[in-house]
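Please read it alongside the sequence and the coordinates.

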Amino acid sequence: MQKKIFSYFKPNPNSSDSRSEGTGSDEHTSTKIDDSRSEGTGSDHEHTSTKIDDSSTPSITDVDSPSSSNHPPYPDIGNITIECSQQDRVKLDLLTNSSWEHVAKYKFPLRTIRNVNRSLQWSWLEKYPWMRYSVVNDAVYCAPCVLFGPQRQDTKEKTFSLSSPDTDWGNLSRCVSRHINDKSKHHDNVLAATEFLRIKTGEKSDILESMSESFNARIKRNREVLSCIIDAILLCGKQNLAIRGHEEKHSNFVALLHMRAKDNIVLADHLAFADPQKKYTSPDIQNELIELCADQIISTLVQDCNDSKYFGFMSDEATDCSTKEQASICVRFFDKTTKSIREEFLGFAEASRTTGEALAELFLEQLELKGIDVDHMRAQGYDGAANMSGIHKGVQSRIKERIPGASYIHCKAHNLNLSIVHASEEPLIRNLMNTVQAIAFAFDYSAKRVLFFKESLEQNAVVREEMDRRQKLKTLCETRWASRSESLYTFLTAFKVIVDSLENLEQHGDSKARSYACSIKKFDFIITMVAAQSILQPLVPLSEMLQRKSVDLIEAVSESKVVIEQLNRKRNSIEAWDELFQKAVQVADTVEEVPAMPRAAGRQRHRVNVPAETPNWFPTKIGFSAQYLIPTKLDGINQEVINTLFETFRDDLDINNVAQFREEVERWIVRWDIAADPKPSTLSETLPVTNSDLYPNIYICLLILVTMPVTTATAERSFSVMRRVKTYVRSTMHTERLSGLSILHAYKHWEIDTEKVIDTFAVKKKRRLGFLFSDQN
């Protein structure tokens with residue numbers, strides 16, 4: 001059975017001593033060796049295999065032991081050089097192969113020492129496991145001192161090293177005693193040899209591993225602290241809680257950290273004892289972490305947009321509470337993974353100037369800064385302001401100079417709103433809107449009037465039921481005219497309650513109540529209100545549909561035609577007008593108003609509406625003819641449409657020959673002629689079932705058409721986020737912080753990878769604390 005590797009440090013107490021001199025020192029010597037043994041050399045150290053990395057070490061063939069079976073099992077120590085003694089393989093061979101099985105059979109050579117023939121006694125090698133015999137030099141060495149001690153050349157003392165081995169067999173006992181005395185370095189070398197073996201056998205980590213473990217433990221602690229800080233910032237950002245307060249120590253951010261510290265001793269220790277410059281809770285650090293968290297969301301959105309290749313750009317501007325002009329950056333694209341249309345908000349950018357040139361440069365700069373390939377922009381959507389829609393110096397024209405394929409789309413929700421505004425310029429409608437708004441404001445901002453309104457409402461069970469839990473009037477929206485239908489419906493339903501409330505207020509000294517009551521207790525006011533509410537009502541679902549992210553231009557035009565046809569039928573239907581008149585009479589009866597014709601005007605102007613251009617004209621210039629590639633509209637395809645499609649999308653198609661494109665279109669028509677019903681009827685249904693490998697050019701045409709924004713509602717919604725985040729009590733917030741917090745709030749359900757945020761934070765610049773593990777550096 002092979003001996004344990006540490007047994008060579010323990011002298012054999014049963015070995016006999018046949019030496020001619022120094023036998024009286026044997027017991028002392030044995031005791032010294034026992035005392036010099038280090039901790040951890042007990043019986044629990046089993047022999048283990050040792051892994052040696054000798055890929056970069058020279059061969060030690062020259063120091064191998066002789067082939068005789070009686071020779072020592074370890075390399076001949078007399079042949080080892082100082083350089084060779086530093087190799088781990090040599091150290092292991094000398095330290096572990098200490099059991100010389102046939103030492104008693106070996107015939108040590110005689111030497112004349114002080115006129116006496118002497119030879120080494122084999123019992124010395126058994127008694128002192130650290131001793132190694134050299135056949136070449138007929139000398140003994142101390143293995144730990146050779147391998148781990150200094151190799152001095154100027155000493156006369158027998159140190160059992162490479163430079164001064166012991167060959168005086170007559171004084172060997174005395175030399176051994178001096179070598180292992182209390183002041184000798186031998187014991188330090190034995191300890192070093194012991195630690196070397198423990199490391200090589202895997203029992204103990206080396207100094208580098210120990211330092212690495214300590215380093216990684218410190219890094220783990222730092223990352224845990226920073227992770228808690230990031231979690232607090234994310235909670236505040238997603239839930240729109242103010243991070244800072246009037247006093248930093250009383251802020252929501254600090255309060256959350258201290259609450260978290262109650263269950264986290266590492267964070268509690270950091271907050272209590274860390275250097276103020278290493279706490280990582282300052283506003284600057286907060287801004288960095290907010291930006292990194294927001295960038296993680298933005299980078300994913302940008303990657304999805306770039307994977308789709310083509311995209312549409314949308315933007316709008318609004319003034320925040322600190323009177324800074326903020327531009328919203330949004331993109332629209334078709335997600336090939338989810339097979340859906342997406343509109344995503346990418347942040348705010350402060351617009352120092354609002355000229356077309358300045359805004360165009362700002363938009364392109366922001367898109368490139370976020371990593372979007374702007375050359376693949378195929379549509380741009382804005383409102384109708386001159387600086388945005390101008391055909392010479394507007395944003396859309398300047399961007400088209402850089403990207404000719406980026407067609408401009410006027411926001412259709414703005415178009416609808418402008419149509420209602422222009423239609424409402426008729427005097428009766430204008431007066432109606434002004435009166436309703438004035439009375440709604442009067443009741444909305446006066447506690448006394450609201451109280452009278454609620455009392456009158458409680459007394460009228462019929463109106464209370466029709467109001468459907470509404471407790472007050474609804475003011476008219478200044479910008480979204482389609483939503484005024486709801487306000488008019490509430491006013492019309494509660495008309496009797498409003499009149500009663502105004503009469504009661506007049507009796508209690510309200511000076512304006514009488515004028516308000518007189519202005520609405522007229523039949524022309526009542527019938528105008530009934531007609532206006534009836535006309536605006538079908539526009540509400542159209543307005544809501546236009547604001548959906550998934551809607552496309554074809555669907556928007558189709559639904560718009562439906563509403564136009566519905567209003568035309570109402571206009572030409574006598575029954576519809578009779579129904580409106582009867583409803584107005586019923587409302588007038590509730591306030592005892594007699595129906596009467598209004599006073600005739602001395603002069604009447606008749607105007608004819610200017611014919612609007614058909615939907616098939618303007619959109620054709622921006623690729624609207626691609627709608628005929630939808631399977632349910634393939635009957636509209638002819639040679640002219642194919643040529644128009646090819647010329648419109650020529651720069652993006654994979655072919656340069658119209659004949660090849662015609663062949664692909666014909667194959668597409670056949671594909672759907674033989675397909676079973678139902679067939680896709682919208683762009684959002686057609687794109688997912690279009691094979692981009694079989695019909696690559698048709699897929700490109702449909703993909704570009706679907707990227708064209710219908711409205712800028714996504715940008716408008718981002719301003720709602722801005723007004724929630726940046727309030728009058730948080731008006732000093734910079735745009736970068738505003739943009740980051742708005743992203744976190746808008747995408748509150750997005751899971752942020754905190755570990756990635758910490759890694760990015762650590763490599764961004766040199767930090768006072770380490771956050772990267774040793775294998776990450």
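A salt bridge is counted here when a side-chain nitrogen of Lys or Arg lies within 4 Å of a carboxyl oxygen of Asp or Glu. The model is predicted, and by that criterion the structure holds 28 salt bridges.

**Salt bridge**
- Arginine 111 forms a salt bridge with aspartate 138, and the closest N and O atoms of the pair are 2.5 Å apart.
- Because arginine 111 belongs to strand S1 (residues 111-113), while aspartate 138 sits in the loop between strand S3 (131-134) and strand S4 (139-142), the pair ties together parts that are 27 residues apart in sequence.

**Confidence**
- The average pLDDT of the protein chain is 83, with 85% of the residues scoring at least 70.
- Residues 1-67 have a pLDDT below 50, although this stretch has 116 contacts in the model beyond near neighbours in sequence.
- The pLDDT is also below 50 over residues 604-621, a stretch that has 10 contacts in the model beyond near neighbours in sequence.

**Helix packing**
- Helix H11 (residues 356-369) packs against helix H13 (residues 395-402) at an angle of about 50°, and their axes are 8 Å apart.
- Angles from 65 to 115 degrees count as roughly perpendicular and those under 35 as roughly parallel, and H11 and H13 are therefore oblique to each other; their crossing is right-handed.
- On the H11 side the contact is made by Gly356, Glu357, Leu359, Ala360, Phe363, Leu364 and Glu368, and on the H13 side by Val395, Arg398, Ile399 and Arg402.
- Sorted by class, the residues in this contact of H11 with H13 are six nonpolar, one polar and four charged.

How values were computed
Residues are numbered from 1 along each chain as its sequence is written. This is a predicted model: local features need pLDDT of at least 70, side-chain atom pairs count only at pLDDT 80 or more; totals for chains, interfaces and linings use all residues. Side-chain values use heavy atoms; hydrogens and water are left out. pLDDT is the predictor's confidence in each residue, from 0 to 100. Contact means heavy atoms within 4.5 Å. Axes are lines fitted to C-alpha atoms, for helices over the stretch in contact, and angles run from 0 to 180 degrees between N-to-C directions. Helices (H or I, at least four residues) and strands (E, at least two) are DSSP runs, numbered from the N terminus. Angles under 35 degrees count as roughly parallel, over 145 as roughly antiparallel, 65 to 115 as roughly perpendicular and the rest as oblique. A crossing is left-handed if the near helix is turned anticlockwise from the far one by less than a right angle, and right-handed if clockwise. Ala, Val, Leu, Ile, Met, Phe, Trp, Tyr, Cys and Pro count as nonpolar, Asp, Glu, Lys and Arg as charged, and the others, Gly among them, as polar.
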